[in-house]
Each structure stands twice: as C-alpha cells, then as structure tokens.
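Here's a quick briefing to read with the model open beside you.

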Amino acid sequence: MKLRYMMATAAAAALVLSGCGGDATEPEDNAAPPAETAGEATEGTEGEGTETTSDEPVTLSFWHNATTGDGKAYWEETTAAFTEEHPNVTFDIQVIQNEDMDGRLQTAINAGDSPDIFMARGGGKLRDIVQAGMVMDLTDKIDPDIKSAYGDAVFEAFTFDGKVYAMPNSILPGGIFYSKDLFAEAGIESTPETIEELSEAVDKLKAAGIEPIALGGKDAWPAAHWYYFFVLRSCDVETINAAGESMDFSDPCWLEAGQELKSFADTEPFNSGFLTTSAQQGAGSSAGMLANHEAAMELMGAWNPGVIGSLTPNEEPLPDLGWFPFPAVDGGSGDPTAMMGGADGYSCAADAPEVCADFLNFYANQENQEAYAIAFNTLPANSKAKGVVEEPALQDILASYEDAAYMTLWLDTLLGQNVGNALNAGVVNMLAGQGTPEDIIASVESAAAKG
C-alpha cells in the first residue's frame, strides 16, 4: 500500500507516504534509543519497552474513554500486567465518556492538573497543548521494535517540529457502516458508489419503511462528519492541507461541500429526531439504531463495530454489518479513493514520571495490540497485530485503506479544538435549519481569527 496522511504540524501540514506490506504500515517514530544511564530510558525489546531503573513508588493518573465492557476490562488488565512487571507502579484510572473527554482534559490542563496519561487525537488538538509545553517529548523514548512494527504514517499526526508526542493504539478510517439485511429487505443489491446512488438507496429504504441513515446530531461531531466527507470529495488534498496550516477557507470547494450537504440533507435521509439523538450512548443512539436494525446506515470511524457490538441485544458483533467508502461527488476535486480518519493514541504529560513512556511502549507491543483489537473490535496500530482482525467490515476498511490515494485527518482534529468546535456547531445549525453553507464558512473563519 502507498498511503499519504495529511496532518497539521507546528511548521507545516505535511503529506507523508507510508509503505504497507513486508515491513511497514501505519504509525511511526523517528527515534533512536536513549543512552543507558540511571534514571533514563534504555533500549528495550518489543513487549518490554524502554525501561527505567528507578524503584521509587510511582502512581500514574490515567484517563481513558472505555466506559464499559471489554474495552474497560482491557485497560484494567493491561495496567495490572504492567504493574506485575513494575511492582513500584500503580495506576489511578479515571474513565470518562468520549464526548466529555476533550473538554475535561482542556479544563485540567488549564488548571495545571493534567493526568499523567491522556488520550491524544493528534492534529491541531494535540498541537495546541504541545505548544503550551504540557506534553512529554517521546521521540527518544519509543522502543525501536515498536517503531519497526508501526511504520511511519500514523505517528505523523502526533509529530510536531520533528518530535513525537503520542503513541498510537488504533487506526480509524471512516466510511459508511450498513446493515446487509436491511439493504436486502429494501432491494438494494450493491453498495452506493456515488451520491446519486446513495440517494437512490435512501429512497428504497424509505419505501420499505426503514430509517435510512442514523445520525447522532446531539453530539455535533457525527453530524459534522457529513460535511467533512463532502469536503474530502469536493476539495483536493492540497487545499485541505493548506487550511490546516493557514486556516484559509476561501477556496470555493469549502462552500460547495456545504451546498452538497444541504442538498443531500434536504431529501431527509436521516432518522427522525436526529438532532436529539446521541451517537454512542445506549440503544437509542445512532450506533444503537444500527445495532438493533432500526436504521440501515451510519457514517462513522473504524471504532464503530465495537460500539455497535456493545449495543446489540446479545452484546455481540452485528452479524450483518457491512461497510463502504463515502461515495464520490460529481465534479469534486478530491480523489474518489481518498479516506478521512485518524488514529487514537495516548500522551504523557510533560511532568509525568519517566515510567509513563515505558507504559506506552508496553501497550504498543504485539500481544497487547492484539488484545486491544479484540477488546475494542477495531484496527490496531501495530502491523504485527492485524492478524486478529476478523470483523468483515473492518477487513473491508483495510482493503480500501490499502488502495487509498491519501488519508486526511478528521477536520475538527486537524483544525484544533476551537476552530473544530465552531465548524461542528455551524454544520449542526445548518442541518437544524438555523444556518446556511455560507454560515459554516463564516463561523470557522471567525473562530480562526480569534486564534
């Protein structure tokens, strides 16, 4: 696979080629192991990480977003396994709902009370706190074997001025998940490849009495995803790349994407009450609607199979779950094979104990990445762990990922929290009938001007 990732860095938003095949896949680190001296990290092997020599008691505060089920159990078991190898280390874990994580973390950082280990979504969101001096530089702390197993591309979303500030744990391309059974019930014989074909599928589902597309508009970002993907198809990658650096949205494609979304939304493809529907919490969420065959489709990232599986009646993976790439837009400048998504990872606070980096290396090894992929039913960042991926929808995502011309970061991640939040709110307002495509552009330009 040849795949280009687009991300914002402090100096410039860069496109990075990664190789996939014999020896490279997603993420990266450009580090050499540090010197082997007391109190400093030393070169380890995969599964051992970069070890510190201190035996002083250490408590690591750790915030993650796996609130229930196998994901929560994974982090409990992984931290316990690390403590077994490092008896002087204990963890103070706080589990925070995903939609609350960014705000809680920003509040803690503003108060000078950051957790030692916290979620990192990369792009502008991470860049902002890196520039504030709040994140540990991991460049010389990542195990060389982890570097080899990860490859180059995904680390770039966490790299600023040539330095790495987070360890990825999953790759998360987006697209449309769907129920094969509901498609068959509505007489849809193939997955849509164009927006016109998607609209035809919506019409068939409505005629069969099936809600076509579930949308968690209450949480804003799922609704904004629709705009993101119209941007991906309407704008070329250079234009998106430039906006991540300059916050320039003057290219007509940004407005065209909003107009394309409005035209599509005017056909009423989303579930009734989508503006008050949450994305991932409970059977009534958009993911829950797909899990319980109450809607046929949902636009979401590669974490979705795990969320859907936790919301089915038997809390098992949805047997008929399928996936297809976001359809092509007629006349758009974006490559029709391009994908949007990113990677989730974890960072250490700048003042965290050195053993924090050891833990990041520990969860990144093959065994723990395999366990992560199984627990969350998602795509691991470590290439050696991909053999455990059996979910058909995830395998379809990987196939498209391998053929993608490039992949861009989620726009709210790329643009940073303030501009990203303004973008999300502008899209929701338009879908609620309280704004226009022009208002979306005005809102992001206003937020960008405030810095």
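Which side chain does aspartate 266 meet in a salt bridge? The partner is lysine 262, at 3.1 Å from N to O. Keep in mind throughout that this is a predicted model. The protein chain has 17 helices and 16 strands, and 58% of its 451 residues are buried.

**The chain as a whole**

- Take the contacts in the protein chain with a separation of 6 or more: 77% of them come from residues 24 or more positions apart.
- The protein chain exposes about 16900 Å², and 45% of that comes from carbon and sulfur atoms.

**Salt bridges**

- The structure holds five salt bridges.
- As a bit of background, side chains of opposite charge can pair when their charged atoms come close.
- Back to the pair from the opening question: lysine 262, the partner of aspartate 266, counts as partly exposed because its relative accessibility is 33%, which falls between the 20% and 50% cut-offs.
- Aspartate 102 and arginine 121 also meet through their side chains, with 3.0 Å from N to O. This pair links distant parts of the chain, 19 residues apart: aspartate 102 sits in helix α2 (residues 98-110), while arginine 121 is in the loop between β5 (117-120) and α3 (123-131).
- Arginine 121 has a relative accessible area of 17%, so it is buried; the cut-off for that is under 20%.
- Lys125 joins in too: Asp102, Arg121 and Lys125 are linked in a network of salt bridges.
- Arginine 127 and aspartate 128 form another salt bridge, at 3.9 Å from N to O. Arginine 127 is buried, at 10% relative accessibility, whereas aspartate 128 is partly exposed, at 36%.

**A negative patch on the surface**

- Six residues gather in a patch of negative charge on the surface: Glu193, Glu196, Glu197, Glu200, Asp203 and Asp330.

- Phenylalanine 183 belongs to helix α5 (residues 180-185) and is buried, with a relative accessibility of 3%.
- Leaving aside residues up to four places away in sequence, phenylalanine 183 touches Tyr178, Ile188, Pro192, Leu205, Ala296, Met297 and Phe324.
- Look at alanine 296 in that list: phenylalanine 183 and alanine 296 are 113 residues apart in sequence, yet their C-alpha atoms are 7.0 Å apart in space.
- Asparagine 169 is in strand β8 (residues 167-171). With 1% relative accessibility, asparagine 169 is buried.
- The residues that asparagine 169 touches, again not counting those up to four places away in sequence, include Trp75, Tyr150, Tyr346, Tyr363 and Tyr372. Asp344, Gly345, Gln369, Leu379, Pro380 and Ala381 are also among them.

**Positive phi angles**

- Most residues other than glycine have a negative phi, so here are two that go the other way.
- Alanine 220 isn't a glycine, but its phi is positive, at about 70 degrees. You'll find alanine 220 in the loop between β10 (211-213) and α7 (221-234), where it is partly exposed, at 22% relative accessibility.
- Asparagine 377 has a positive phi near 50 degrees. Its place is the loop between α13 (366-376) and β15 (379-380).
- Is asparagine 377 buried or exposed? Its relative accessible area is 16%, so asparagine 377 is buried.

**One more loop residue**

- Glutamate 316 is in the loop between α11 (304-311) and β12 (321-324), and it is partly exposed, with 43% relative accessibility.
- Glutamate 316 and proline 305 are eleven residues apart in sequence, with 10.0 Å between their C-alpha atoms.

Technical notes. Residues numbered from 1 in each chain as written. Predicted model: local features only at pLDDT ≥ 70, side-chain atom pairs only at ≥ 80, totals over all residues. Heavy atoms only, no water. Helix = DSSP H or I, 4+ residues; strand = E, 2+ residues; numbered from the N terminus. Buried < 20%, exposed > 50% of the residue type's maximum accessible area, 1.4 Å probe, protein only. Contact = heavy atoms within 4.5 Å. Areas by Shrake-Rupley, 256 points an atom, 1.4 Å probe, with all protein chains shown as cover. Patch = residues over 30% accessible without salt bridge, like charges linked within 9 Å, V, L, I, M, F, W, Y side chains within 5 Å. Salt bridge = Lys/Arg side-chain N within 4 Å of Asp/Glu carboxyl O. Lys, Arg positive; Asp, Glu negative; His and termini not counted. Charge placed at Lys NZ, Arg CZ, Asp CG, Glu CD.
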